[in-house]
Amino acid sequence: MTDVNGLSIAILGGTGDQGKGLARRFALAGLQVLIGSRSAQRAQEAADSIGAGASGDDNAAVAARADIVIVAVPYEGHKALLESLKGELAGKIVVDCVNPLGFDKQGAYALPVEEGSAAQQAAAVLPDSRVVAAFHHVSAVVLMDPAVDKVDLDVLVLGDDREATDTVQKLAEVIPGVRGVYGGRLRNAHQIEALTANIISVNRRYKAHAGLRITDI
Ligand SMILES: NC(=O)c1ccc[n+]([C@@H]2O[C@H](COP(=O)([O-])OP(=O)(O)OC[C@H]3O[C@@H](n4cnc5c(N)ncnc54)[C@H](OP(=O)(O)O)[C@@H]3O)[C@@H](O)[C@H]2O)c1
């Protein structure tokens, strides 16, 4: 399934900044986008605000209908939501972009996760799904900005299923400017999630929406 043309992409928590930003870029690229929410009405409102053929429904309905499902909810609600959608997500590529972070006076920092990372938590909860970690460092502000034609960064894609990571690399690349780069097995997702705390520090110091590029590949 490495060709993503014609696939439908559901976004759990697609009413939030990150989900809506990804939804907007995928819809503009011509993919069928299904916004998910705990409220079908909020999902529909978010889909209407995006346009480009996006539609909305509750998280379970969009998870059941889509080919690929992106998880874009806060870490606090991550495990319980995925536990509730085990059946709908079975057999599907589930893309986790959740960064378990805490914030205090010194800024952002990585939270410990019993399973190692949010992505590994997803894999533990969803043994019948093909869990991939990606889109951790893409700024929602950039994704939503109509003035940004090209999103200047690499998306690191991690997972244990080669066909699934290849597919998600291709999915990332429907966003103009983005390159999808394989970033290792799921057991290395913690560093990628935690690195977001460093990127937030960069953004605060330099008043930027920084992205990463991997050189020499
Ligand atoms: N913002 C970014 O730039 C960015 C970048 C990379 C990765 N991320 C990651 O993407 C995820 C979403 O970020 P965000 O900024 O979009 O967050 P958000 O706006 O706070 O939340 C996204 C959506 O999740 C749903 N939600 C909230 N609490 C929930 C719970 N307890 N259980 C189930 N659903 C819940 C809400 O939708 P409903 O109320 O409609 O259900 C909300 O609109 C986070 O894990 C974050 O680490 C964010």
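How many cavities of 30 Å³ or more does the count come to? The count comes to 1 cavity, and this tour ends there.

The structure is a predicted model, in which local features need pLDDT of at least 70 and side-chain atom pairs count only at pLDDT 80 or more, while totals for chains, interfaces and linings use all residues. Residues are numbered from 1 along each chain as its sequence is written, and side-chain values use heavy atoms, with hydrogens and water left out.

**Stop 1: the ligand.** The ligand is surrounded by 20 residues, the closest being T15, Q18, S37, R38 and V73. By class, this shell holds 8 nonpolar, 9 polar and 3 charged residues; Ala, Val, Leu, Ile, Met, Phe, Trp, Tyr, Cys and Pro count as nonpolar, Asp, Glu, Lys and Arg as charged, and the others, Gly among them, as polar.

Next, display backbone N and O atoms. One such atom of V73 lies 2.7 Å from an oxygen atom of the ligand; for R38 the distance is 2.8 Å, and for G16 it is 3.2 Å. On its own the ligand has 890 Å² of accessible area (Shrake-Rupley method, 1.4 Å probe), of which the protein covers 74%.

**Stop 2: the largest pocket.** Keep the ligand in view, for it sits in the largest pocket (more than half of its atoms lie within 2 Å of the pocket's grid points). On a 1 Å grid over the protein atoms alone, a pocket is an open set of points with protein on both sides within 12 Å along at least five of seven lines, whereas a cavity is a set where a 1.4 Å probe fits but cannot get out; lining residues have an atom within 4 Å of a point.

About 1000 Å³ of space lies in this pocket. Its lining has 37 residues, and D17, Q18, V73, P74 and N99 are the closest to its centre. Colour α9 (189-206), which gives the most to the lining, with 5 residues. Other elements that each supply at least two residues include α1 (17-28) and α4 (75-84).

**Stop 3: the largest cavity.** Finally, select A134, F135, H136, H137, V138, D154, V155, L156 and I192, which line the largest cavity. About 50 Å³ of space lies within the largest cavity. Strand β9 (residues 154-159) contributes the largest share of its lining, 3 residues.

Key:
Near = heavy atom within 4 Å. Polar contact = N/O pair within 3.5 Å; in protein donor to acceptor, adjacent residues only side chain to side chain. Points joined across faces, edges and corners; volume = space filled by probe spheres on them. Helix = DSSP H or I, 4+ residues; strand = E, 2+ residues; numbered from the N terminus.
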